[in-house]
Amino acid sequence: MATPEVTMTLALIKPDAYPKRAEIIEEIKANGFTIVKMREEKCTPDLLKVFYKEHEEKHFFNDLVNFMASGPIVILALSKVNAVPEWRKLIGPTNSLVAKEKNPETLRAKYGTDGQCNACHGSANDDDAKRELGIFFPELSA
Ligand code: CDP
Ligand code: MG
């Protein structure tokens, strides 16, 4: 069997959940993640357009960028064995209304509101994690 690998993912606490960041950070630690890097920032729309490039043709793109630029966010590099899927599991389904129904223990259920304001971001796979970590923490790949 392959040795379990410690990997990294990018996590964001979005503007809607920023007031609850202390609680969320406690949950992150309690679930066995190591916080490798953490900082707070109010991102510009230009940076967010690059970050969410894969969604630029979607109907929700402009609203998403404006929401994410509306206030400060917490930006974290998290490590754990299988960090990417582990973090996705802890945050839960994309739509917080679905999360509240199906996975009420997840962060998006507890701290999010709907399909846009869903409290947290997590990279979708290891390649995305590398790209997203490179945007916010270029020093990690130097
Ligand atoms: O964040 P996740 O990878 O789970 O979902 P996504 O499909 O990559 O979408 C990125 C973000 O766009 C979501 O987390 C939502 O904040 C937002 N979104 C939205 O506003 N409306 C949708 N119909 C889908 C996503
Ligand atoms: Mg995504």
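Asn118 reaches ligand 1 with its side chain: one of its polar atoms sits 2.8 Å from an oxygen atom of the ligand. This is a predicted model, so every distance here is computed from predicted coordinates.

| Residue | Polar atom of the residue | Atom of ligand 1 | Distance |
|---|---|---|---|
| Asn118 | side chain | oxygen | 2.8 Å |

How much of ligand 1 does the protein bury? Taken alone, the ligand exposes 500 Å², and the protein buries 77% of that.

Other residues also surround ligand 1. Among them are Lys14, His55, Phe60 and Leu64. Thr94, Arg108 and Gln116 belong to the surroundings as well.

Now turn to helix α1, which spans residues 21-30. Which of its residues are buried? They are Ile24, Ile25, Glu27 and Ile28. Look down the axis of α1: these buried residues fall within an arc of 160 degrees, so they line one face of the helix. The other side of α1 has exposed residues, Ala22 and Ala30.

What covers the buried residues of α1? The cover includes three strands: β1 (6-13), β2 (34-41) and β3 (73-81). It also includes the helices α4 (83-91) and α6 (107-111).

Just after α1 comes Gly32. Its phi is positive, at about 85 degrees.

Note on methods. Residues numbered from 1 in each chain as written. Chains lettered and ligands numbered in written order. Predicted model: local features only at pLDDT ≥ 70, side-chain atom pairs only at ≥ 80, totals over all residues. Heavy atoms only, no water. Buried < 20%, exposed > 50% of the residue type's maximum accessible area, 1.4 Å probe, protein only. Helix = DSSP H or I, 4+ residues; strand = E, 2+ residues; numbered from the N terminus. Arc of directions from axis to C-beta. Contact = heavy atoms within 4.5 Å. Near = heavy atom within 4 Å. Polar contact = N/O pair within 3.5 Å; in protein donor to acceptor, adjacent residues only side chain to side chain. Areas by Shrake-Rupley, 256 points an atom, 1.4 Å probe, with all protein chains shown as cover.
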